[in-house]
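The sequence and the model come before the text.

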Number of protein chains: 2
Amino acid sequence: MAGSKGSKYYDIFLKFKVWLENTKGQGILGDGKFELLEMIDKHGSLSAAADKMGVSYRKAWGNVKEAEEKLGFLLVEKHRGGAQGGNSVLTPEGKRLVEAYKELLVEFDNAIHLITKKFFNKLNT
Amino acid sequence: MAGSKGSKYYDIFLKFKVWLENTKGQGILGDGKFELLEMIDKHGSLSAAADKMGVSYRKAWGNVKEAEEKLGFLLVEKHRGGAQGGNSVLTPEGKRLVEAYKELLVEFDNAIHLITKKFFNKLNT
DNA sequence: TATCAATATGCGAAAAAAAACATATCGCAA
DNA sequence: TTGCGATATGTTTTTTTTCGCATATTGATA
């Protein structure tokens with residue numbers, strides 16, 4: 001819930017976003033891309049991950065590539081050809097990033113919760 | 001500084017954004033608009049605020065109007081005509097929001113600082 | 001060795017967002 | 001009563017992003 005009932009701020013909410021940036025100020029990875037990485041990890045391929053997320057393979061592939069270029073190292077180990085056509089798995093670095101990001105989100109949520117409370121308290125003073 | 005020296009994460013940073021949203025999921029006010037409100041407060045007019053921020057008056061005006069429409073109440077009291085052509089001052093609600101937001105940012109920065117540290121520690125483990 | 005599913009990319013269209021341009025209105029003060 | 005500077009908007013242009021379509025490559029397996 002946002003502000004207290006009856007307040008003019010009743011249906012207003014605080015939202016936030018966290019992402020990784022490089023020194024050039026370019027965004028690298030945010031919520032969407034992290035979710036994509038998780039899906040790749042879970043399903044074993046970019047195309048399956050894209051499907052599950054309801055985005056085109058073209059877009060998902062482009063996202064991964066862009067992030068990797070900006071980072072300067074690979075997040076996903078891609079294989080093509082073979083009976084299944086190919087597959088993709090996270091690199092150790094990719095896994096690590098995803099893990100760290102997940103924990104980060106939890107802590108962020110906790111912090112936000114407190115801060116939000118204070119914010120609306122102040123507004124309703 | 002981001003990761004520890006020599007780390008693969010050396011030149012990567014965590015960034016964040018906070019903003020207000022209404023129940024329809026529409027963004028209302030973020031960093032830029034809050035800064036605009038501060039400038040209006042400081043300079044006494046929308047046009048001066050726009051100048052100082054290096055944006056067009058058209059854009060600044062549109063931003064304020066849009067935010068007010070989504071909030072359902074006024075943030076700025078505008079007057080036109082007169083010797084000076086007109087002027088603008090924050091409404092009490094506008095002032096209140098700006099104040100609360102400023103405090104919010106400080107707390108956010110503190111929280112982020114801690115969380116960022118943990119994040120990179122984990123990556124470099 | 002032909003097939004098949006997944007990776008890999010280029011490119012043009014379409015949609016969305018931002019910036020620029022053009023006016024109109026308003027009201028005090030000279 | 002005219003000029004000036006700020007508010008108020010509609011319209012158009014430009015820029016940026018996103019989407020969709022087409023096409024090539026790869027390699028285990030039947």
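## Contacts with DNA strand D

In this predicted model, a polar backbone atom of Gly85(B) is 3.4 Å from a base nitrogen of DNA strand D. The neighbouring entry in this group is Gly86(B), with a polar backbone atom 3.4 Å from a sugar or linking oxygen of DNA strand D. Chain A takes part as well: a base nitrogen of DNA strand D lies 2.8 Å from a backbone N or O atom of Gly82(A). Two or more residues of the surface near DNA strand D come from each of H3 of chain A and, in chain B, helix H2 (46–53), H3, S3 and S4. H3(B) gives the most, with 4 residues.

DNA strand D has 21 residues around it, and Lys59(A), Gly82(A), Leu46(B), Tyr57(B) and Arg58(B) come nearest. By class, this surface has 4 nonpolar, 10 polar and 7 charged residues. Sugar or phosphate supplies 61% of the atoms of DNA strand D within 4 Å of the protein, and bases supply the rest.

## Contacts with DNA strand C

Around DNA strand C there are 20 residues, of which Leu46(A), Tyr57(A), Arg58(A), Lys59(B) and Gly82(B) are the closest. Of the atoms of DNA strand C that come within 4 Å of the protein, 63% belong to sugar and phosphate. The surface near DNA strand C has 4 nonpolar, 9 polar and 7 charged residues. At least two residues each come from helix H2 (46–53), helix H3 (57–71), strand S3 (76–80) and strand S4 (86–90) of chain A, and from helix H3 (57–71) of chain B. With 4 residues, H3(A) gives the most to this surface.

Gly86(A) has a polar backbone atom 3.4 Å from a sugar or linking oxygen. For Ser88(A), a polar side-chain atom lies 3.2 Å from a phosphate oxygen.

Strand S1 (residues 12–22) of chain A and S1(B) run antiparallel and are joined by 11 bridges. Across this pairing, Leu20(A) stands opposite Leu14(B). Strand S1 (residues 12–22) of chain B is mostly covered, with 8 of its 11 residues buried. S1(B) is also joined by 2 bridges to strand S2 (residues 27–29) of chain B, again in the antiparallel sense. Here Glu21(B) stands opposite Gly27(B).

## Aromatic pairs

How many aromatic pairs are there over all chains? The count comes to 9. One of them is formed by Phe34(A) and Tyr101(A), which are stacked at 3.5 Å centre to centre with 5° between the planes. This pair links distant parts of the chain, 67 residues apart: Phe34(A) is in helix H1 (residues 31–43) of chain A and Tyr101(A) in helix H4 (residues 92–123) of chain A. Phe34(A) and Tyr101(A) are both buried.

Phe16(B) and Phe108(B) also form a stacked pair, 4.8 Å centre to centre and with 10° between the planes. Phe16(B) lies in strand S1 of chain B and Phe108(B) in helix H4 of chain B, so the pair ties together parts that are 92 residues apart in sequence. Phe16(B) and Phe108(B) are both buried.

## Lys122(B)

Lys122(B) is part of helix H4 (residues 92–123) of chain B. Is Lys122(B) buried, exposed or partly exposed? Lys122(B) counts as partly exposed because its relative accessibility is 31%, which falls between the limits of 20% and 50%. Leaving out residues up to four places away in sequence, Lys122(B) touches Arg96(A), Glu99(A), Ala100(A) and Glu103(A). Lys122(B) and Glu66(B) are 56 residues apart along the chain, and their C-alpha atoms are separated by 42 Å.

How values were computed: Residues are numbered from 1 along each chain as its sequence is written. Chains are lettered from A and ligands numbered from 1 in the order in which they are written. This is a predicted model: local features need pLDDT of at least 70, side-chain atom pairs count only at pLDDT 80 or more; totals for chains, interfaces and linings use all residues. Side-chain values use heavy atoms; hydrogens and water are left out. A residue is near a molecule or strand if one of its heavy atoms lies within 4 Å of it. A polar contact is a pair of N or O atoms within 3.5 Å; within protein, one must be able to donate a hydrogen and the other to accept it, and residues adjacent in sequence count only if both atoms are side-chain atoms. Ala, Val, Leu, Ile, Met, Phe, Trp, Tyr, Cys and Pro count as nonpolar, Asp, Glu, Lys and Arg as charged, and the others, Gly among them, as polar. Buried means under 20% relative accessible area, exposed over 50%, partly exposed in between (1.4 Å probe, protein chains only). Contact means heavy atoms within 4.5 Å. Two strands pair if DSSP finds at least two bridges between them. Rings of Phe, Tyr and Trp (its six-membered ring) pair if their centres lie within 6.5 Å; planes under 30 degrees apart count as stacked, over 60 as edge-to-face and the rest as tilted.
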